[in-house]
Amino acid sequence: MLEKLMSIDRRIVFVLVAVAVIIPTLLKVSFPITVSQPTRSVYDFIDELPKDSTILMAFNYGPSSLAELEPMAAAVLRHCFRKNVRVIGMTLFNVGARLGDRVMSETAAEMGAVDGEDYVFLGFRPGGISVILGMGTAIDSVFDADYRGKPLSEIPMMQDVRNYDRIALVLDLASSATPEAWIVYANTKYKQQVAAGVTGVMVSELYPYIQSRQLVGLMPGLLGAAEYETLIDTPEKATAGMSVQSFVHLLIFVLVVVGNVAFFIQRRRTQ
Amino acid sequence: MEVLGIWVAAFFTLCIYSFLYRDNPFYRFAEHLFVGLSVGYGIVFSIHQGLIPFAWDPFWEAITKREFMGLLKLIPIFIGLLFFARVVPKYSWLIRYPIAILIGIGAGRAIPNVMDARIFRQVYGTLTPFGQIHAGALGFFEIFGAILMLVGVICTLTYFFFSIEHRGAVGGISKVGIIFLMVGFGSAFGNTVMGRVSLLIQRVDFLLSDWLRLI
């Protein structure tokens, strides 16, 4: 029995995980979401901004991280449009341009926000750190037009936004090390407030920046998206996803415990 | 057209997940197509968003308009082109110039900011709570957290301090450092699991709702 348990076919584990995802998804199981302080800090910061403030959202992710970061982007955009906070979108990833444009225009259409007045998507520019530094001097030195080619000088909401001086917050939705670049260059050099929403894989690396207040707040993966949806009282896919996630976590927890118990019993018997 | 897109996405999703059973031609086809598409999309997009507006257009304007300021833009374009000297063995040494410029600029702008952001501000963040403890502004759990963090920082740094042999008190402190490191790795692993499961949930949701329309 113990030998069988220790040499279990990994495909059985895959089937169990699939079942733990499919059944709760079909049954639309829902659990309450408890909001963590780092996510609440991002929400509070945006919520307290005066009307017609401007934030910058960087969509630094590709299709492989879409599942975690797009619900987060949609939730923050809904909050901003509801509060009449204007949003400038951009990306440092070439694959992020289409994704950022899509989530901005779809959420804007849903919330009745107007392109050029309530939001603008500037698209992609190569250079990474050079782009971050250049925007601190003059945004139009880096982006001379928006994603659709309209010159910045013709975009109403960009008339009084020249650089970081008029941007209340940079929110980096990232699947790689870009939040650290924003912290090192935008926060340290230009004293720009920075927050981040990142994939689960990266969260642990960024917690030290909350303690030192180099980050206003931090949203961890799908959990962060679900927390933000809870805060704006608009449960969407992330909230549903986190309920399903709980079943998988329970399964993994049981498998880890059973595996360890079996391992230690077997080792004792061998000794 | 949208229905076709959903069927194509569903087909490739199943192709990729078929690897969980065993390696097979469907998985390889989907994998190769994904890699090819990603690289192709990235190259074309970078040409349109980077090479054309920042190199080709200034170059062409400089040639056609023959303005002095426009001609100055040819200098960085020429330095950038030196990267391709690598493909001609006789002139491959020329690549040292753009690399030297890149390293010089990169280090010059990174060192002061990185020192400030990753060392000074982190030390400040670790020690600031102790000033607040002295002022009586922190509760029990916050004081406990501040002390725990300081102990964690010292013990973990000790583990990576190799100038003294890890025996006696130093060995004990570095062992405590290992515990803190393990807690950190555990946290990272837990978050990684959450991230990977999120991807699976999104794909299952797509298959069940958009493709099969079961929910």
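These legends describe close-up views of a predicted model.

**View 1. Chain A as a whole.**
Chain A contains 12 helices and 6 strands. Its C-alpha trace spans about 75 × 40 × 30 Å along the principal axes. Of its 271 residues, 48% count as buried. Contacts between residues 24 or more positions apart make up 72% of those in chain A with a separation of 6 or more.

**View 2. The largest nonpolar core.**
This core holds 85 residues. Ile55(A), Met57(A), Ala73(A) and Leu173(A) touch the most other members. Helix α4(A) supplies the largest share of the core, with 9 residues. In soluble globular proteins, nonpolar side chains tend to be buried together.

**View 3. The surroundings of Met57(A).**
Which residues does Met57(A) touch, leaving aside those up to four places away in sequence? They are Ala73(A), Val76(A), Val87(A), Gly89(A), Leu171(A) and Leu173(A). Two of these, Ala73(A) and Leu173(A), are named with Met57(A) among the core residues that touch the most other members.

**View 4. Where chain A meets chain B.**
Here 41 residues of chain A are in contact with 36 residues of chain B. On the chain A side, the elements giving two or more residues include the helices α2 (10-27), α4 (66-82), α8 (178-190) and α12 (237-270). Strand β3 (119-124) is also one of these elements. So are α9 (203-206), α10 (208-211) and α11 (221-231). By class, this side of chain A has 21 nonpolar, 13 polar and 7 charged residues.

**View 5. Two packed helices in chain B.**
Two packed helices are described by the angle between their axes and the distance between the axes. In chain B, helix α1 (residues 2-17) packs against helix α2 (residues 25-65) at an angle of about 120°. Their axes lie 7 Å apart. The crossing is left-handed. From α1(B), Phe12(B), Cys15(B) and Ile16(B) take part in the contact. They meet Phe26(B), Tyr27(B), Phe29(B) and Ala30(B) of α2(B). The contact has 7 nonpolar residues, no polar ones and no charged ones.

**View 6. Domains 2 and 3 of chain B.**
The domain assignment divides chain B into domain 1 (1-72), domain 2 (83-136) and domain 3 (139-215). The C-alpha centres of domain 2 and domain 3 of chain B are 26 Å apart. How many residues does each give to the contact? Domain 2 gives 4 and domain 3 gives 6. On the domain 2 side, 3 residues are nonpolar, 1 is polar and none is charged.

Notes. Residues numbered from 1 in each chain as written. Chains lettered and ligands numbered in written order. Predicted model: local features only at pLDDT ≥ 70, side-chain atom pairs only at ≥ 80, totals over all residues. Contact = placed C-beta atoms within 7 Å. Helix = DSSP H or I, 4+ residues; strand = E, 2+ residues; numbered from the N terminus. Nonpolar A, V, L, I, M, F, W, Y, C, P; charged D, E, K, R; others polar. Core = buried A, V, L, I, M, F, W, Y, C linked by C-beta atoms within 7 Å. Buried ≥ 20, exposed ≤ 12 C-beta atoms within 10 Å, placed from the backbone. Domains from an automatic or database assignment. Axes fitted to C-alpha atoms, helices over the stretch in contact; angles between N-to-C directions. Left-handed = near helix turned anticlockwise from the far one by under 90°.
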